[in-house]
Amino acid sequence: MTSTSISNPNSTYIDCNCFAIRQAARYVSQLYERHLSEAGLTAAQFTIVAAIGRRPGVQMADLADAMVMDRTTLVRALKPLQRDGIVDAAPESSSTRAHGLRLSAAGKETLARAALHWRAAQAEFEQKFGQERARELRKSLFALTTTD
């Protein structure tokens, strides 16, 4: 066992990977929320809107898998976006119950406006953390979510 193992009697929550990742996620989320709120979106909503914008017609199950979210969480997150006319859900064909997600015209405008604020958040984060370190962090985090 390593010295950071939780079974080590000298370990503390500071040695916990989950604690460190969640703390960092809250910090980064707050930074992005500050910027994206000017476009009327939360950071979570922006990621959903951007993902739908990249894959028009994507089905909920596929989007949930791609975002590493359970489907019920995605459905709850989509409700305000649908209510506000940003995202539309329509049956893909008459022979299936699957619904494809698309951005409405207002959704495309919202995404374009929010992207400007997202770029400002990206720039602030990279200025504070370092552009190369940020790239390596993204690479490591994406590797984490693609391993089974």
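**Figure 1. Pro91 and its place opposite His99.** Pro91 stands opposite His99, a residue of strand E3. The model shown here and in the other views is a predicted one. Strand E3 covers residues 99–103, and E2 and E3 pair in the antiparallel sense over 5 bridges.

**Figure 2. The open sheet of 3 strands.** The strands follow the order E1-E3-E2, and their pairing is antiparallel. Strand E1 (58–59) and strand E2 (87–91) are at the edges; each has a single partner strand, so one side of each is left without a neighbour in the sheet. In general, strands of a sheet pair through backbone hydrogen bonds, in a parallel or an antiparallel way.

**Figure 3. Helix H2 on the sheet.** Strand E3 pairs with E2 over 5 bridges. Helix H2, made of residues 43–54, packs on the sheet and touches E1, E2 and E3. The direction of H2 makes about 105° with that of E3.

**Figure 4. The packing of helices H2 and H5.** Helix H5 spans residues 105–129, and it packs with H2 at an angle of about 120°. The axes of the two helices are 10 Å apart. The crossing of H2 and H5 is left-handed. On the H2 side, the contact is made by Phe46, Val49, Ala50 and Gly53. On the H5 side, Gly107, Leu111, Ala114, Ala115 and Trp118 take part. Sorted by class, the contact of H2 with H5 has 7 nonpolar residues, 2 polar residues and no charged residues.

**Figure 5. Gln122 in helix H5.** Gln122 has its place in helix H5. Its relative accessible area is 19%; because buried means under 20%, Gln122 counts as buried. When neighbours within four places in sequence are left aside, Gln122 is in contact with Tyr32 and Arg138.

**Figure 6. Leu141 in helix H6, with Ile21.** Helix H6 runs over residues 131–145, and Leu141 lies in it. The relative accessibility of Leu141 is 40%, so this residue counts as partly exposed. In sequence, Leu141 and Ile21 are 120 residues apart. In space, the C-alpha to C-alpha distance between Leu141 and Ile21 is 9.8 Å.

Methods: Residues numbered from 1 in each chain as written. Predicted model: local features only at pLDDT ≥ 70, side-chain atom pairs only at ≥ 80, totals over all residues. Heavy atoms only, no water. Pairing = 2+ DSSP bridges. Helix = DSSP H or I, 4+ residues; strand = E, 2+ residues; numbered from the N terminus. Contact = heavy atoms within 4.5 Å. Axes fitted to C-alpha atoms, helices over the stretch in contact; angles between N-to-C directions. Left-handed = near helix turned anticlockwise from the far one by under 90°. Nonpolar A, V, L, I, M, F, W, Y, C, P; charged D, E, K, R; others polar. Buried < 20%, exposed > 50% of the residue type's maximum accessible area, 1.4 Å probe, protein only.
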